[in-house]
Amino acid sequence: MCTAIVSVDPASPVPVLLVGVRDEFVTRAWQPPGRHWPDRPALVAGRDLRAGGTWFAVDPGAPRAATVLNARGPLVPEERRLSRGELPLRLAADGKLGDLELPRLDPFHALCAEPDSVRMWSWDGATLAERALGPGLHIIVNSGLEAEAHREGALEDAYMMARLTHFRPRLAAAGRPEPLPGRGTVRQAWGGWLPLVEGGGLARDDRRALLPLMDMGEGRVWGTTSVSLAALTRDAVRYDFSAEPGDPGSWTSVL
């Protein structure tokens, strides 16, 4: 149940904002954002130590940012499966997906943000669809853009819809921030959005939670393991990161 939040305002000095909330089993090992790929030295991203890819990548020189979420559809057998963590690396580096062995990828939503465009690709195991996200506020969850593939009666979908319904009006009411690269603290830069992406005061087991945390039994705990914030100007990226979601003191400025 990862979430991506996108705000596009072509008239702003910071035309594109991208928020990536990563949900995963909390014991899955990863490294914080850095230049972990010698073959792609320009990229800055966290590195998943199990599959080797990432969930959120930035190329500060482009400038460009990208993220990936799980989507709906049949899963590929493990012995044939390729990691979706390659997708943000490709998008951040090249601005396009390139040639993919789609039948070997589990369903995904992938986003590529540049100062003058935001594009989203969705793969459901059968069809790859591409769309542009125009001006305004957009929220993407596993059931798609604005939960467009919502299934009535499905518990997971009810959580996603509750999250979207709760946070969309609050993000809009908070006023769109203009987090300029190199200026101010994370809290100063992101203004009224920051308390919301810190959880908005909801308990992490609340069905509306943006930063869920759930005990799945047998020692398995699943929930938000990091939050990434990217703000794109015409020639730079601001990249802020929290490795302790919900902790106001955990923010670091990566770029």
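How many nonpolar, polar and charged residues are in the lining of the largest cavity? View 1 gives the count. This is a predicted model, in which local features need pLDDT of at least 70, side-chain atom pairs count only at pLDDT 80 or more, and totals for chains, interfaces and linings use all residues. Residues are numbered from 1 along each chain as its sequence is written, and side-chain values use heavy atoms, with hydrogens and water left out.

**View 1. The largest cavity and its lining.** The structure holds 1 cavity of 30 Å³ or more. A cavity is a set of points, on a 1 Å grid over the protein atoms alone, where a 1.4 Å probe fits but cannot get out; lining residues have an atom within 4 Å of a point. The volume of the largest cavity is about 30 Å³, counted as the space filled by probe spheres set on the points. Its lining consists of T3, I5, I139, R163, L164, F167 and L210. Two elements, β1 and α2, each give two or more residues to this lining. The largest share, 3 residues, comes from α2. By class, the lining has 5 nonpolar, 1 polar and 1 charged residues.

**View 2. Helix α2, residues 155-174.** Helices are DSSP runs of H or I with at least four residues, and strands are runs of E with at least two. Helix α2 has 20 residues and reaches 29 Å from its first C-alpha to its last. That is close to the expected 28 Å, a span of 1.5 Å times one less than the number of residues. Its buried residues (under 20% relative accessible area, 1.4 Å probe, protein chains only) are D157, Y159, M160, A162, R163, L164, H166, F167 and L171. Among the elements covering them are β1 (3-8), β2 (16-25) and β10 (136-141). The cover also includes α4 (193-197) and β12 (213-217). After α2 comes G175, with a positive phi near 85°.

**View 3. Helix α1, residues 86-94.** In α1, the buried residues are L87, P88, L89, L91 and A92. Their cover includes the strands β5 (56-59), β6 (64-70), β7 (108-114) and β8 (117-123). G95 follows α1, and its phi is positive, near 75°.

**View 4. Cysteines C2 and C112.** A disulfide is a pair of cysteine sulfur atoms within 2.5 Å. By this rule the count is 0. C2 is in no disulfide, and the nearest cysteine sulfur, that of C112, is 18 Å away. C2 counts as buried, at 10% relative accessibility. C112 is also buried, with a relative accessible area of 0%.

Methods: Buried < 20%, exposed > 50% of the residue type's maximum accessible area, 1.4 Å probe, protein only. Contact = heavy atoms within 4.5 Å. 1 Å grid on protein atoms, 1.4 Å probe; cavity = no way out; pocket = protein on both sides within 12 Å on 5 of 7 lines; lining within 4 Å. Nonpolar A, V, L, I, M, F, W, Y, C, P; charged D, E, K, R; others polar.
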